Amino acid sequence: MGKKKQKIVLPPDLPPEIPDEAVEVSDEDVRFVSENQQYTGFLSNLDTKSINKHVTRVADVKEDELESMYERRLKKKSLDKETEKQGLEVDPVDALPVKTLDGKLYYRTVSKATQKPENEDKDEANTNNKDAGIDASLVRLTKAEKRAKLKKMRKEAKKQAKEVAEVEDVEQIPQAEVLDEVRNDMTVEESNEKKKFRLAELGTALLTDPELNIKSLKEMLEISKDGDRDIVVLALKSLLAVFRDIIPGYRIRLPTEKEQEMKVSKAVKKMRFYESTLLSAYKAYIQKLIAMEKQAVYKRVAVRCICTLLEAVPHFNFRESLLAAVIRNISSEDDISRKLCCATVKSLFTNEGKHGGEATVEAVQMIADLVKAHDCQLHPDSIEVFTSLTFDEDIGKREAQDAHKFKSKNAKRKDLKEQKKEQKESSTNERKRSRKEMMSKTREDVTAELKAASLATDVTERRRMQTDVLSAIFETYFRVLKHALKPRSEAGSSPQSARSHPLLTPCLNGIGKFCQLIDLDFMSDLMNYLRKLARSGSNSDGSSKDVSACLTVFERLQCCIIAFRVMRNNLDALNVDLQDFFVQLYNLIIEYRPGRDKGEILAEAFKIMLCDDRQHDMQRAAAFIKRLATFSLFSGSAESMTALVTLKHLLQKNVKCRNLLENDAGGGSVSGAIAKYQPYATDPNLSGALASVLWELNLLSNHYHPAVSTMASNISMLGTGDNQVHLSNKTPQQAFKELSLEQESFIVKVDPKSSSTKRKKGNASIKHISMGTDLDITVQVDENDVRKKLSEHYSLLHDIAENERLRGELVGTTLSLNLYEQYKKQKKRRTK
């Protein structure tokens, strides 16, 4: 009989090794071991290797079999762990996680019923049999077969583990992605909120005690480098508020190397550290603003911060950088940025007490350089800011008066000294001289210290700065005038630079404001420029000039007005013939078009050139009277009223011109050198207007506007008697303004008496036209005639538009035919 197989029992697993640092020993155990050291001597002599070897070995079992059994045990444990992992799934009802107070997420899970595969059942049965000592493989299989079987089992286990991992990854990928996105969003929002709170804390600390918390500026600058736009904008605004509050009222001068080597007190060291830190942070902040000003996303915020800083602290360091950024955007295409920069520059010009006038000089010179660099192609606001400047015209007079008083006092003192010197002896005189010399030296030193300590600028220094400002302003104005007079060949290759003069209107306004400050040496050049510009739009003198662009009626009228202002402000020093400007005004009256040109500038030209002038030549006055009457026939009601008011002024000043009101068949009773009226003459002196009659007033007395008709009838009733000369108080500008405002409230009201009666077709109806409280005139209007005229007018307009359309189509067809013929010719040439 064979022997029964002995049941092999593997020893249990050894306890895990624990490092000595993780073992916690109580004080009682330490005390017990220290008291009973004679019992612990055997522990030092233990052989741990032999004990481990003895524990892990199994009697009567070979090493190969023992190794395979250990491997089976490890495989079984790994499979058990995988089944435990597969047995958990997220509950579909409670899919949302639960967040604990520690910030960890927990998911509710339920057990998943899984069936064990057949291979596992067989392995379990085999292992159970082997544990029970019934495993036949230990008896039947050889060593080679056992090793092959083990390798096969390992491969199958690896394949199963990979399949299980792939399934778990596929199931967990969408949930993991969603959780990661949620966590990222939560972390970004939380970090932004933390940064906002941190900015608020740092700003509050800096405002409460800037010297103690001056290092916080660096941290705020670091936060401003964040990638989120909201955080960057908030940081920039916070830094702006902090710098506006903590910047001192003086420029910081850093100590030199010699000054740093000197021994100073703690307070001085603390102040130097505070000033150096503030200056470095302020410089970094300005550099960041200038860099962000070039980015479209942060441009408006950066420009607003730069303008606010320059307006608040123009006296502080790095003013040149801020001013350069503002002047660079003074002609920006963005309206908001441009208006901010213009307002900042105007505030610098008006509030010179903050910077002593130095920033004004720098700003004006930068604007002059900008105009020169861009060839006068800038926005009009860029030089319109010059009109906000103010100049002290009495500086020179006050300085001369002070010098005269000082000289008179010195002369009196000298006379007294001479009298005393004659009376006293030479010895006493020498003592007094030495004493007076000492006193004079001390007085000079005291006055120099007082001037240095006083906040007010010196008169000579202020005069020097204003001279520099004036020279830069008039340099810019003359450059703009020269650019407007450039020929087209020299104006530039771009059509915009050859046709547009955006800076001409603000330039003329500035010359009109500061004309009393222009040097007399440049007056003749200025008048020549204005004369050429006023003549540039027409060929009245028969010569065609190649000007860069024909100026508009508005600009030419403005040139005439500025010429008269310059002449009147410098009446004592100038002797200029203004005949050319009268000729241009005489021609511009006909070229004026209501709606296209501004009526205010025309009314201003009438007032300055015709009404304010003391006396006119009789031929010229008659020519303007006739031209104004003709102009009133084809212009609007406001322009007609302006012309009639001017005409009345001329008739009241020039009594002999009232002969134009006579209705003789051969014209007026007073004839000039020209016997016949020339309506197309360009020179008013050669028009022969005295030989004509003001027949236009008869038509204007039937004008649709009651105010115009009343004015025309009043003018026609003027006589030649001297007793009727009384000047009107209304100016052309007032007449234009009143009638332009009345046009909005000009309403035709139906007479209630005529509305009650029955009207037949073709009969005329009477209507009331109300013109305010002072004027109530009844005018007869034929409705059928008005309808007929309106229908004819609109049909004519329709025919004109249709004609233009047909002409355009005809031109297009002719061009296409010509192109087709050219194509045929080229095709024939190619075939030949």
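This is a predicted model: local features need pLDDT of at least 70, side-chain atom pairs count only at pLDDT 80 or more; totals for chains, interfaces and linings use all residues.
User: Which helix gives the most to the lining of the largest cavity?

Analyst: Residues are numbered from 1 along each chain as its sequence is written, and side-chain values use heavy atoms, leaving out hydrogens and water. On a 1 Å grid over the protein atoms alone, a cavity is a set of points where a 1.4 Å probe fits but cannot get out, and lining residues have an atom within 4 Å of a point. Helices are DSSP runs (H or I, at least four residues), numbered from the N terminus. Here, α18 gives the most, with four residues. Both α14 (358-373) and α18 (459-484) supply at least two residues each.

User: Which residues line the largest cavity?

Analyst: They are Glu352, Gly357, Thr360, Val361, Leu389, Thr390, Phe391, Arg462, Met465, Gln466 and Val469.

User: How do α26 and α28 pack?

Analyst: Axes are lines fitted to C-alpha atoms, for helices over the stretch in contact, and angles run from 0 to 180 degrees between N-to-C directions. Helix α26 (residues 637-653) packs against helix α28 (residues 706-716) at about 20°, with axes 10 Å apart. Angles under 35 degrees count as roughly parallel, so α26 is roughly parallel to α28.

User: Which residues of α28 make the contact?

Analyst: Contact means heavy atoms within 4.5 Å. From α28 come Ala707, Val708, Met711, Ala712 and Ile715, while α26 brings residues including Leu644 and Leu651.

Terms used
On a 1 Å grid over the protein atoms alone, a cavity is a set of points where a 1.4 Å probe fits but cannot get out, and a pocket is an open set with protein on both sides within 12 Å along at least five of seven lines; lining residues have an atom within 4 Å of a point. Angles under 35 degrees count as roughly parallel, over 145 as roughly antiparallel, 65 to 115 as roughly perpendicular and the rest as oblique.
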